[in-house]
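This report describes a pocket and a helix pair in the structure shown below.

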Amino acid sequence: MRRAASFVPDLYAIDADYALSELCKDEQKLEKVLLSREFHVSLGRTVAIQVHQIESLVAMLRQKFRSQQRYWMDFNKWEHFVNDDCTRSFLSLEVTSTGLPEISKQITMVDDVYRLHGLPEFYKNPRPHISLAWALGDVSCKLKQAIKEIEKSQSSLGTSQISNLRCKFSHVVCKIGKKVYDICKLAD
């Protein structure tokens, strides 16, 4: 994160909106703000829906997800993303191996429900990821350079790890406005 902040000084921690450059000055605060939170992988686009669709959408998602099993996900590739309107850029860890088939199936299940409600499906070639930091505008060039430096640093340390972060799938929620609907929750 320090390397990323040195190349993109205007990066902020996701959900906390603390400047990454400030957080990097205090290791404990960096870990607390950046890592002691629940990460999410989007399974569908953020879309506007009509009030009368809420009950149907939530019920269909619950039905689709009722037989889910726990599985591991390896977030093994540093990547950058830019939102559709190029107002924000993100430094992320992407799933490219372990867990990708399961997440891809879940994305398809959400797409099926969206389609039935006349909503736009997810991206053609979905790239499941968690975002760690964001910056205003399209700062792709700076983020690409930061990622090269992060990868170079990892390789110089002899870190040939399979993943940067590994976790288990635990639940699916659907956020509509300020309300969060539990779709599927698996016990530990």
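## The second largest pocket

About 470 Å³ of space lies in the second largest pocket, a pocket being an open set of points on a 1 Å grid with protein on both sides within 12 Å along at least five of seven lines. Of its 18 lining residues (those with an atom within 4 Å of a point), Met1, Leu35, Trp78, Leu132 and Gln154 are the closest to the centre.

Helices α1 (2-7), α3 (27-35) and α6 (140-156) each supply at least two residues of this lining, and α3 gives the most, with 5 residues. By class, the lining has 11 nonpolar, 3 polar and 4 charged residues.

## Helices α4 and α5

The axes of α4 (residues 54-65) and α5 (residues 100-116) come within 10 Å and cross at roughly 150°; the two helices are therefore roughly antiparallel to each other, a term for angles over 145 degrees.

In their contact (heavy atoms within 4.5 Å), Leu57, Met60, Leu61, Lys64 and Phe65 of α4 meet Gln106, Met109, Val110, Asp112, Val113, Tyr114 and Leu116 of α5. The residues of this contact divide into 9 nonpolar, 1 polar and 2 charged.

## Basis of the values

This is a predicted model, in which local features need pLDDT of at least 70 and side-chain atom pairs count only at pLDDT 80 or more, whereas totals for chains, interfaces and linings use all residues. Residues are numbered from 1 along each chain as its sequence is written, and side-chain values use heavy atoms, with hydrogens and water left out.

Note on methods. Axes are lines fitted to C-alpha atoms, for helices over the stretch in contact, and angles run from 0 to 180 degrees between N-to-C directions. Helices (H or I, at least four residues) and strands (E, at least two) are DSSP runs, numbered from the N terminus. Angles under 35 degrees count as roughly parallel, over 145 as roughly antiparallel, 65 to 115 as roughly perpendicular and the rest as oblique. Ala, Val, Leu, Ile, Met, Phe, Trp, Tyr, Cys and Pro count as nonpolar, Asp, Glu, Lys and Arg as charged, and the others, Gly among them, as polar. On a 1 Å grid over the protein atoms alone, a cavity is a set of points where a 1.4 Å probe fits but cannot get out, and a pocket is an open set with protein on both sides within 12 Å along at least five of seven lines; lining residues have an atom within 4 Å of a point. Grid points are joined across faces, edges and corners, and a volume is the space filled by probe spheres set on the points.
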